Amino acid sequence: MRRVVRQSKFRHVFGQAVKNDQCYDDIRVSRVTWDSSFCAVNPRFVAIIIEASGGGAFLVLPLHKTGRIDKSYPTVCGHTGPVLDIDWCPHNDQVIASGSEDCTVMVWQIPENGLTLSLTEPVVILEGHSKRVGIVAWHPTARNVLLSAGCDNAIIIWNVGTGEALINLDDMHSDMIYNVSWNRNGSLICTASKDKKVRVIDPRKQEIVAEKEKAHEGARPMRAIFLADGNVFTTGFSRMSERQLALWNPKNMEEPIALHEMDTSNGVLLPFYDPDTSIIYLCGKGDSSIRYFEITDESPYVHYLNTFSSKEPQRGMGYMPKRGLDVNKCEIARFFKLHERKCEPIIMTVPRKSDLFQDDLYPDTAGPEAALEAEEWFEGKNADPLLISLKHGYIPGKNRDLKVVKKNILDSKPTANKKCDLISIPKKTADAASGQNEAKLDEILKEIKSIKDTICNQDERISKLEQQMAKIAA
């Protein structure tokens, strides 16, 4: 007998909005006509682009600061034009990048406990675009590498540690870029553009590896993201304005692996992908639902799971990294849905009877430690994300300050904050320090390495002892 219903542990995933007192209320969400998610989240903060007179601003709230947000609450407000996109650094929970209509990208360091005064001085201003910057995306595994894309159809990859533009891809797109996505180890990017092409690009060789014309035939915006196995997932519109999703193999972009028609709504579908569970969540701008699909190796490859529906349409959506979830409640995703005047967390859980840690739901996930330094990546090295176990929940560590090393130093933080952070200073600073300083630096780096080695050894020893205890207990 053929199984009628496909077996999947995610078939019963259900979404639930939190109670009103756990929402963030009275927020004037930005009205800019731009198809970004307007919200970025990490295990410490939620950042939301808001309406601001005379420039661009976004709010940064500690996760626990729920309830009504006072109108006088401090903002990050250094841009002179509306902010179009924001992205938290995956390797430092206090660093966030913003792109704006004023043609600049700014990188900000948020104080550990959130803002007490409005922040107007970024750690670094990255100037290189000639038109508004609508996309910012941090490299998934290399420290201090940031990508930005603007309406000048150029993609620039920056070394934030030195404030320099190291790669400029300005002749690959003939029309506006809708979105850019890094692959799992950050060796390739894929882009969706207004010319209806999806391109897979090797940014360091500055060449297009694969491209598909008319990935979706409709004129409305598309989105393209990389999956963990290297395939590309796209959302777009058919010629009849029906919303579509498709799966592509970059080695052969002639035909999609899978293509599904969905509905005739006109909101752009923003895809959010969880590489650990291979689930894709689709949030349409202006929709009041989140649909989710599981991607597998068996036909039809993209399996519809369920839809979370609510009454209010969404203006934007933030997606929490895996390490910010509550593993004790079998939470596999958390969204931060933007309404016109508030931000409402939505929690996705897999119902389980047991209170024990569910290892099948939580394989090791990308941790906050960078696998490479910026210079190593620019020289051609690749590395997969460094994984951490969520067995005992994720405990945020101490983040180091982002330090920018360049001649016209933009670091105008008060002297009390100027802790010289030796690890995040790029090794090849243009103006080499004197021999004496280099010797000192080497000595300290050696000491740091030996401390790290000791910690690793102790970790191994602890886990061995835990295994022995478990055997004895059993």
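## A buried strand

Strand β9 covers residues 95–100, and six of its six residues are buried, so the rest of the structure largely encloses it. Buried means under 20% relative accessible area, with a 1.4 Å probe and protein chains only. Strands here are DSSP runs (E, at least two residues), numbered from the N terminus.

This is a predicted model, where local features need pLDDT of at least 70, side-chain atom pairs count only at pLDDT 80 or more, and totals for chains, interfaces and linings use all residues. Residues are numbered from 1 along each chain as its sequence is written, and side-chain values use heavy atoms, leaving out hydrogens and water.

In a regular strand, side chains alternate between the two faces of the sheet. In β9, V95, A97 and G99 point one way. I96, S98 and S100 point the other way. All of them are buried.

Strands of a sheet pair through backbone hydrogen bonds, either parallel or antiparallel. Two strands count as paired if DSSP finds at least two bridges between them.

Strand β8 (residues 83–88) runs antiparallel to β9, with five bridges joining them. V83 has S100 of β9 as its bridge partner. A hairpin through six residues joins β8 to β9.

Strand β10 (residues 104–109) also pairs with β9 in the antiparallel sense, over five bridges. Here G99 is partnered by V105 of β10. The hairpin of β9 and β10 has three residues between the strands, and in it C103 takes a positive phi near 70°.

## A four-stranded sheet

An open sheet has the strand order β24-β25-β26-β27, with antiparallel pairing. β24 (269–274) and β27 (302–309) are the edges. Each has a single partner strand, so one side of each lacks a neighbour in the sheet. Neighbouring strands of this sheet are turned by 25° against each other on average, direction ignored.

β24 pairs with β25 (residues 279–284) over six bridges. The bridge partner of L269 in β25 is G284.

## Cavities

How many cavities of 30 Å³ or more does the structure hold? There are three. A cavity is a set of points on a 1 Å grid over the protein atoms alone, where a 1.4 Å probe fits but cannot get out. Volume is the space filled by probe spheres set on the points.

The largest cavity has a volume of about 80 Å³. Of the 10 residues that line it (an atom within 4 Å of a point), the closest to its centre are N92, R143, N144, R400 and L402.

## Domains

The protein is divided into domain 1 (14–388) and domain 2 (444–473). These bounds come from an automatic or database domain assignment. Their centres, taken over C-alpha atoms, are 35 Å apart.

Definitions and conventions. Buried means under 20% relative accessible area, exposed over 50%, partly exposed in between (1.4 Å probe, protein chains only). On a 1 Å grid over the protein atoms alone, a cavity is a set of points where a 1.4 Å probe fits but cannot get out, and a pocket is an open set with protein on both sides within 12 Å along at least five of seven lines; lining residues have an atom within 4 Å of a point. Axes are lines fitted to C-alpha atoms, for helices over the stretch in contact, and angles run from 0 to 180 degrees between N-to-C directions.
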